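I opened the model today and noted what I looked up, entry by entry.

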Amino acid sequence: MLGPGRIQHAGKGPNVIGAPPRRQSDPELDLSPIARALNDAGFDTEIADDVRTMIWRKLMANVAINAISALTGELI
């Protein structure tokens, strides 16, 4: 946090968005307008076919680095 309403984005790589799991009766969500808006705003954004896999990958990365970052006070 840099201050009220201000943050510093220290991550690298694309932001990934995806639709929640759906039943066959649910309509398919078109996330391309959201991805386009985020890309236009300067956020490298991709749409995942299976967002659950991406969530688990993110969790594993956080498990690996967050404790070290907390102990050292450094962003890895």
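Where is the place of G13 relative to β1? I find G13 in the segment before β1, which spans 15-17.

I note the ground rules here: this is a predicted model, where local features need pLDDT of at least 70, side-chain atom pairs count only at pLDDT 80 or more, and totals for chains, interfaces and linings use all residues. Numbering starts from 1 along each chain as its sequence is written, and side-chain values use heavy atoms, with hydrogens and water left out.

Entry on G13. I looked up its relative accessibility and got 48%, so G13 counts as partly exposed (buried is under 20% relative accessible area, exposed over 50%, partly exposed in between; 1.4 Å probe, protein chains only). I also checked G13 against T45: they are 32 residues apart along the chain, and their C-alpha atoms are separated by 9.0 Å.

Entry on the fold. I count 2 helices and 2 strands, in the order β-α-β-α from the N terminus. These are DSSP runs numbered from the N terminus: helices are H or I of at least four residues, strands E of at least two.

Entry on the whole chain. I get a radius of gyration of 16 Å, whereas a compact globule of 76 residues would have one near 11 Å (taken over C-alpha atoms; the globule rule is 2.2 Å times the number of residues to the power 0.38). The C-alpha atoms fill a box of roughly 50 × 25 × 20 Å along the principal axes. Of the 76 residues, 11% count as buried.
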